[in-house]
Amino acid sequence: MPDDVLWGGRFAAPVHPAIQEFTNSLPFDRRLVRHDLLASLAHARMLRETEILSGSDSDLILSGLSEILREVETGELEVEGPDEDVHTWIERTLVERVGDAGQRLHTARSRNDQTAVALRLYVRERLEDILSGIAGLQRVLTGQAASHRETFLPGYTHLQRGQPVSLAHHLLAHVASLGADAGRLRAAHRLAGVSPLGAGALAGTSFPIDPARSAALLGLDRTFANSMHTVGDRDYVLDAAYACAMVAIHLSRWADEIVLWSTREFGFIELDDSVAQGSSIMPQKKNPEAAEILRGKSARTIGNVTALLALMKGLPLTFNSDFQEDKERLFDTLDTADWSLAAAIAVARGVNYRTDVMEAALGGGMLTATELADHLVRRGVPFRTAHHQVGEAVRMAEERGVELWDLDLEALRTCCPSAGDDVHGVLRPTAAVAAHDSPGGPAPGRVLEQLQEVDREVAALEAWLDARRDPPIRRAHLEERLLEGVLS
């Protein structure tokens with residue numbers, strides 16, 4: 001067996017080429033290279049501080065890893081070669097540069113905890129990028145909502161006109177979905193914040209390691225409680241994938257609305273030319289293709305979550321090579337959520353709301369029928385009786401081809417005997433919206449409260465993201481912390 005295989009000592013024959021190709025993960029796990037290098041720097045520094053490695057060996061290892069990291073980040077060094085995975089590539093490259101000292105890096109470490117820590121670091125960083133996209137889209141939609149607190153349109157149930165609402169209230173419903181997504185993404189981020197370094201293959205190590213120090217160096221929140229659990233744990237992968245799938249589902253619902261509202265049949269919006277595309281055969285077409293693709297992207301994230309759940313369901317403790325299959329599904333899901341949010345922000349900025357069409361749609365649907373029923377209830381009529389009477393009034397208005405508010409008081413009282421002299425004051429859509437002043441409702445004052453609350457939530461998220469980008473968490477800042485006081 002060649003010497004450059006990490007586990008070759010036990011084997012007398014080389015791996016069959018078909019098996020070598022089948023089990024090779026370098027083509028996709030090489031995107032973890034920076035995170036694996038950072039984790040290796042943390043591990044090497046911990047080994048130095050605990051005197052498991054000598055100062056001379058650790059100096060060579062730390063300087064070698066730092067050099068490789070810088071070259072990878074600048075693009076000078078490509079992650080490619082015959083290696084079976086990114087971990088093997090890093091160790092081979094390090095040994096080529098610093099000699100035998102590089103072979104000491106793997107002391108008190110297994111590829112099992114090495115893989116897990118690199119993936120956790122990667123997941124947390126990508127979740128932060130996605131959360132930034134969430135905040136960005138929320139800002140766009142809340143900005144539009146703030147401009148349309150008194151723009152009114154029908155609210156729909158079963159895709160049928162139901163009750164009048166404001167456009168601001170409608171947009172804030174989508175913002176609320178994104179807020180729920182942010183909560184799930186933050187929870188997944190926290191779940192991924194466990195450092196598995198020190199768990200070894202499954203049973204820890206006999207060396208006097210300091211796992212808490214490794215975790216602190218990497219900016220991870222805490223250490224593991226059980227070594228067997230942590231190397232076999234992929235809950236954070238499933239949670240991250242699910243949270244991203246929910247983002248895609250919410251974007252799909254919003255995008256479906258963009259598609260629907262941009263039709264001639266609705267006409268509530270018109271898309272800017274920069275976010276629409278044309279037909280190859282019909283010159284007049286202006287298609288909402290980006291929104292349609294956003295709607296379609298949710299399908300692949302759902303499929304990825306299903307695949308990951310199926311992957312995990314029957315695995316025994318602890319580590320299994322089946323875990324290799326989680327990377328591509330996870331990477332695709334994270335990429336899809338990130339790209340979809342960037343596209344959604346562009347589409348949202350390209351939406352022009354046709355408020356005249358929205359307000360015209362307030363007629364023809366008897367949208368204030370519930371207001372008439374509530375008016376009767378306030379005058380002592382049981383709601384079921386009021387509901388029946390208003391139904392008769394609706395039928396009368398439809399037969400006459402008018403709205404409820406167009407029926408004179410005498411006509412209304414033939415169906416609704418208890419209708420008061422002031423009944424027409426509650427039947428106009430604008431009055432109905434203003435009357436719905438319950439918490440979370442569409443009345444302008446309540447919408448203002450929602451806008452203010454969302455602004456606080458998004459500002460808090462943005463502040464958290466800014467803090468995550470400060471030392472010692474990301475990129476070069478983390479490298480500086482890992483080398484601080486060790487190398488000149």
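This is a predicted model: local features need pLDDT of at least 70, side-chain atom pairs count only at pLDDT 80 or more; totals for chains, interfaces and linings use all residues.
In soluble globular proteins, nonpolar side chains tend to be buried together. Here the largest nonpolar core has 73 residues, and those with the most contacts inside it are Leu137, Leu185, Trp254 and Trp261. Two or more residues come to this core from each of several elements, including the helices α6 (111-146), α7 (167-191), α11 (289-312), α12 (326-349) and α19 (444-468), together with the strands β5 (269-271) and β6 (351-353). Helix α10 (235-261) also belongs to that list, and α10 gives the most to the core, with 15 residues. Once neighbours within four places in sequence are left aside, Trp254 is in contact with Leu141, His174, Leu294, Ala344, Val347 and Ala348. Apart from this core lies another, of 38 residues, among them Leu38, Ile68, Leu77 and Ala108.

The cysteines can be considered next. Cys244 is buried, at 0% relative accessibility, and Cys415 is likewise buried, with a relative accessible area of 8%. The closest cysteine sulfur to that of Cys415 belongs to Cys416 and is 5.7 Å away, which is too far for a bond because a disulfide requires sulfur atoms within 2.5 Å. The count of disulfides in the model comes to zero.

On the surface, Leu202, Met228 and Leu317 form a nonpolar patch with about 280 Å² of accessible area together. Leu202 is found in the loop between β3 (194-195) and α8 (211-218), where its relative accessible area of 35% makes it partly exposed. Leu317, another member of the patch, is joined to Thr318 by a cis peptide bond, with omega about 5°, and Thr318 has its place in the loop between α11 and α12.

Most residues other than glycine have a negative phi, and most peptide bonds are trans. Against that background, Glu51 has a positive phi, near 60°; this residue is found in the loop between α3 (33-49) and α4, and at 70% relative accessibility Glu51 counts as exposed. Leu159, which is not a glycine either, has a positive phi of about 60°. Leu159 is found in the loop between β1 (152-157) and β2 (160-166), and is exposed, with a relative accessible area of 55%.

How values were computed. Residues are numbered from 1 along each chain as its sequence is written. Side-chain values use heavy atoms; hydrogens and water are left out. A nonpolar core is a set of buried Ala, Val, Leu, Ile, Met, Phe, Trp, Tyr and Cys residues joined through side-chain atoms within 4.5 Å. Buried means under 20% relative accessible area, exposed over 50%, partly exposed in between (1.4 Å probe, protein chains only). Helices (H or I, at least four residues) and strands (E, at least two) are DSSP runs, numbered from the N terminus. Contact means heavy atoms within 4.5 Å. Patches are made of residues with over 30% relative accessible area and no salt bridge: like charges are joined within 9 Å, nonpolar side chains (Val, Leu, Ile, Met, Phe, Trp, Tyr) within 5 Å. Accessible areas come from the Shrake-Rupley method with a 1.4 Å probe; for residues, only the protein chains shown count as cover. A salt bridge is a side-chain nitrogen of Lys or Arg within 4 Å of a carboxyl oxygen of Asp or Glu.
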